[in-house]
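Open the model in your viewer and keep the selection tool at hand.

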Amino acid sequence: MKEFVMLFRNDYNPASMPSPEQMQHMMKQWMDWMGGIAAQNKLANQGIRLGNAGKTVKPDNVVTDGPYAEIKESVGGFIVVRAASIEEAAEMAKGCPILKVGGNVELRDIVEINMLS
C-alpha cells in the first residue's frame, strides 16, 4: 500500500459563515466519511483542519497577508490515506463532503525521504 495526501480546497469567502446547526451537520458528514475510510484501515493520518489566517513569504523577504491575494481558493486541511494506487485514492475522495459545497480534493502521492541514512 502507498500513502496519498488528500488536500481539501474550497473558494475562500470570509463572509460565508454557516449556522451552528449547519456546521454540526457538515462535521457529521466529515466524520462519517473519514470513519468509513478508517473502518477499512486506510486512514493513515487523520490530518488537520487549517484556519483562514496566514502569511505568505516570498523571495527577497516579501511577506503578504494570507495566501489569497492572487487566488480565490484556499486549502482547508488534509488527511493521509493508504491505497494500492492513486486511482483507488481518487475513488475514496469521491465521497468527500467538500464536493457537496463546490470544493475539490487534490490527491498527491507521498514520497518517503530517509534523512537519517
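Start with the charged side chains: there are five salt bridges, a salt bridge being a side-chain nitrogen of Lys or Arg within 4 Å of a carboxyl oxygen of Asp or Glu. This is a predicted model, in which local features need pLDDT of at least 70 and side-chain atom pairs count only at pLDDT 80 or more, while totals for chains, interfaces and linings use all residues. Residues are numbered from 1 along each chain as its sequence is written, and side-chain values use heavy atoms, with hydrogens and water left out.

**Stop 1: the whole chain.** Colour by secondary structure. Helices (H or I, at least four residues) and strands (E, at least two) are DSSP runs, numbered from the N terminus.

**Stop 2: Arg9 and Glu106.** Select both side chains. Arginine 9 and glutamate 106 form a salt bridge whose closest N and O atoms are 2.7 Å apart. Arginine 9 belongs to strand 1 and glutamate 106 to strand 6, so this pair ties together parts that are 97 residues apart in sequence. Glutamate 106 counts as partly exposed, at 21% relative accessibility; buried means under 20% relative accessible area, exposed over 50%, and partly exposed in between (1.4 Å probe, protein chains only).

**Stop 3: Lys28 and Asp32.** Move to helix 1, where lysine 28 and aspartate 32 are four residues apart, a separation of about one helical turn. Their side chains meet in a salt bridge with an N to O distance of 2.7 Å. Aspartate 32 has a relative accessible area of 47% and is partly exposed.

**Stop 4: Lys42 and Glu88.** Here the side chains of lysine 42 and glutamate 88 form a salt bridge at 2.2 Å, N to O. The pair links distant parts of the chain, 46 residues apart: glutamate 88 is in helix 2, and lysine 42 is in the loop between helix 1 and strand 2 (43–49). Is lysine 42 buried or exposed? Lysine 42 is buried, at 14% relative accessible area, whereas glutamate 88 is partly exposed at 21%.

Stop 5: Select Met6, Phe8, Trp33, Ile79, Val81 and Val105. Of the 17 residues in the largest nonpolar core, these touch the most other members. Such a core is a set of buried Ala, Val, Leu, Ile, Met, Phe, Trp, Tyr and Cys residues joined through side-chain atoms within 4.5 Å. At least two core residues come from each of strand 1 (2–11), helix 1 (20–39), strand 5 (73–83), helix 2 (86–93) and strand 6. Helix 1 supplies the largest share, four residues.

Now centre on Val81. Leaving out residues up to four places away in sequence, valine 81 touches Lys2, Glu3, Phe4, Met6, Ile37, Lys42, Ala44, Ala89 and Met92, where contact means heavy atoms within 4.5 Å. Lys42, from the previous stop, is among them.

**Stop 6: the surface.** Finish on Val111, Ile113 and Met115, a nonpolar surface patch with about 390 Å² of accessible area together. Patches are made of residues with over 30% relative accessible area and no salt bridge, with like charges joined within 9 Å and nonpolar side chains (Val, Leu, Ile, Met, Phe, Trp, Tyr) within 5 Å. Areas come from the Shrake-Rupley method with a 1.4 Å probe, and for residues only the protein chains shown count as cover. Methionine 115 sits in the segment after strand 6 (104–109) and counts as exposed at 70% relative accessibility.
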